[in-house]
Amino acid sequence: MIIVLKPGASKLEADEILSKIDAKGLKPLYMPGSERTVIGALGDERLLGELHLESHPAVERLDPILAPYKAVSREMHPENSIVQFGNIPIGGNGFVVVGGPCAVEGYEKLSTSAKAVKEAGAHGLRGGAFKPRTSPYSFQGLGLEGLKILQQVGLENGMPVITEVVELADVDAVETYADAFQVGARNMQNFRLLTALGQANKPVFLKRGMAASVKDVLMAAEYIVSEGNQQVVLCERGIRTFESGTRNTLDLSAVCQFKALSHLPVVVDPSHGTGVREYVAPMAYAAAAAGADGILVEVHHNPKEALSDGAQSLFPDQFAELMQRLRPFVEAAGRTLDF
Ligand code: PEP
Ligand code: MN
């Protein structure tokens, strides 16, 4: 249920309503807006009925939410949400670019890639420390050491860092060293992990599962937001189809659907979305044109020797060219690209 407060309702009145909702065993969500405050109540609406909030002096009206996802729906929060990734806002007017290697392979290598993406204009740095690989014989990531390297290189280059959290036991470590959690496609429906991230204090980039519908993604995001962490960014990274010319089929129409159905920011990963280096830049431009709030791009200082995802990783000069050519697409979509 959405409880719309009257313009001018005080924080004290909002707090009173929030604690009444909480006392009924429902989850209260506080969403102050530029024009008026909205309160969400998630859970059994029959219990909410017992509070008779419709006659509370600070309440303008009660609106039921029809979608199965509640907290992430646009009905709940008509304005776009802005997620703070370090010092970078995502979901506002600025288009955000996060670049970096698939995996952290060591300090020197990451430092070289990070300098290159920073120089080209990237806002954030990516790099996996825990890698969910298809083969158990492939490079699995540097683990805790990788997290420490990522943090250090991010600080040295003035970029917030994002890395994947693969399992529950690593949530605290990732939260300590990174500015944002990445939930990988393979873990999008690991509901216990999502619940734990809902109780964490860093933003979560939730990647679309390779066989997940748009609605499945929104339900997964609901697990995080309903626990109290409203800092969620949705990520389209391609889905499995019968097409074999690309690693995945990048579903850019999902950007439009996510934007229509949810207030959460949306980013696109054209690297995993195609799996082919040459296709990354055109899909990045298309993502900007489709209205995405940003992109995650794999860039490696020497992709031929990358320990994972080399075939889809851009050479630094290709990334620099992408950044140069991206601007008109971003601006055509009514956004800005600052660097
Ligand atoms: C990655 O970002 O390197 C990754 C493993 O992504 P995904 O979960 O989308 O496959
Ligand atoms: Mn990768």
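This is a predicted model: local features need pLDDT of at least 70, side-chain atom pairs count only at pLDDT 80 or more; totals for chains, interfaces and linings use all residues.
Start at ligand 1. Its surroundings are made up of Cys-102, Arg-126, Lys-131, Glu-164, Gln-182, Gly-184, Ala-185, Arg-186, Lys-207, Arg-237, His-272 and Glu-298. An N or O atom in the side chain of Arg-237 is 2.6 Å from an oxygen atom of ligand 1. For Lys-207, a polar side-chain atom lies 2.9 Å from a ligand oxygen. For the side chain of His-272, the distance from an N or O atom to an oxygen of ligand 1 is 3.1 Å. Taken alone, the ligand exposes 300 Å², and the protein buries 98% of that.

Is Leu-110 buried or exposed? Its relative accessibility is 1%, so Leu-110 counts as buried. Beyond its neighbours within four places in sequence, Leu-110 is in contact with Pro-101, Val-104, Leu-125, Ile-149, Leu-150 and Val-153.

Helix H10 spans residues 277-289. Its buried residues are Arg-277, Val-280, Ala-281, Ala-284, Tyr-285, Ala-287 and Ala-288. What covers them includes strands S13 (266-268) and S14 (294-298), along with helices H9 (270-274) and H11 (316-332). After H10 comes Gly-291, with a positive phi near 100°.

Salt bridges come next. Side chains of opposite charge can pair when their charged atoms come close. The whole structure holds 17 salt bridges. One of them joins Glu-16 to Lys-20, with the closest N and O atoms 3.2 Å apart. Both residues lie in helix H1 (residues 11-23), four residues apart, so about one helical turn separates them. Glu-16 has 34% relative accessibility and therefore counts as partly exposed. Lys-20 is partly exposed too, at 32%.

Other pairs span more of the chain. Arg-247 forms a salt bridge with Asp-309, and their closest N and O atoms are 3.0 Å apart. This pair links distant parts of the chain, 62 residues apart: Arg-247 is in the loop between S12 and H8, Asp-309 in the loop between S14 and H11. Arg-247 is partly exposed at 34%, whereas Asp-309, at 19%, counts as buried.

Asp-293 and Arg-335 also meet in a salt bridge, 2.5 Å from N to O. Asp-293 is in the loop between H10 and S14, and Arg-335 is in the segment after H11, 42 residues apart. Both residues are buried. Finally, salt bridges with shared partners join Arg-36, Glu-60, Arg-61 and Asp-63 into one network.

How values were computed
Residues are numbered from 1 along each chain as its sequence is written. Chains are lettered from A and ligands numbered from 1 in the order in which they are written. Side-chain values use heavy atoms; hydrogens and water are left out. A residue is near a molecule or strand if one of its heavy atoms lies within 4 Å of it. A polar contact is a pair of N or O atoms within 3.5 Å; within protein, one must be able to donate a hydrogen and the other to accept it, and residues adjacent in sequence count only if both atoms are side-chain atoms. Accessible areas come from the Shrake-Rupley method with a 1.4 Å probe; for residues, only the protein chains shown count as cover. Buried means under 20% relative accessible area, exposed over 50%, partly exposed in between (1.4 Å probe, protein chains only). Contact means heavy atoms within 4.5 Å. Helices (H or I, at least four residues) and strands (E, at least two) are DSSP runs, numbered from the N terminus. A salt bridge is a side-chain nitrogen of Lys or Arg within 4 Å of a carboxyl oxygen of Asp or Glu.
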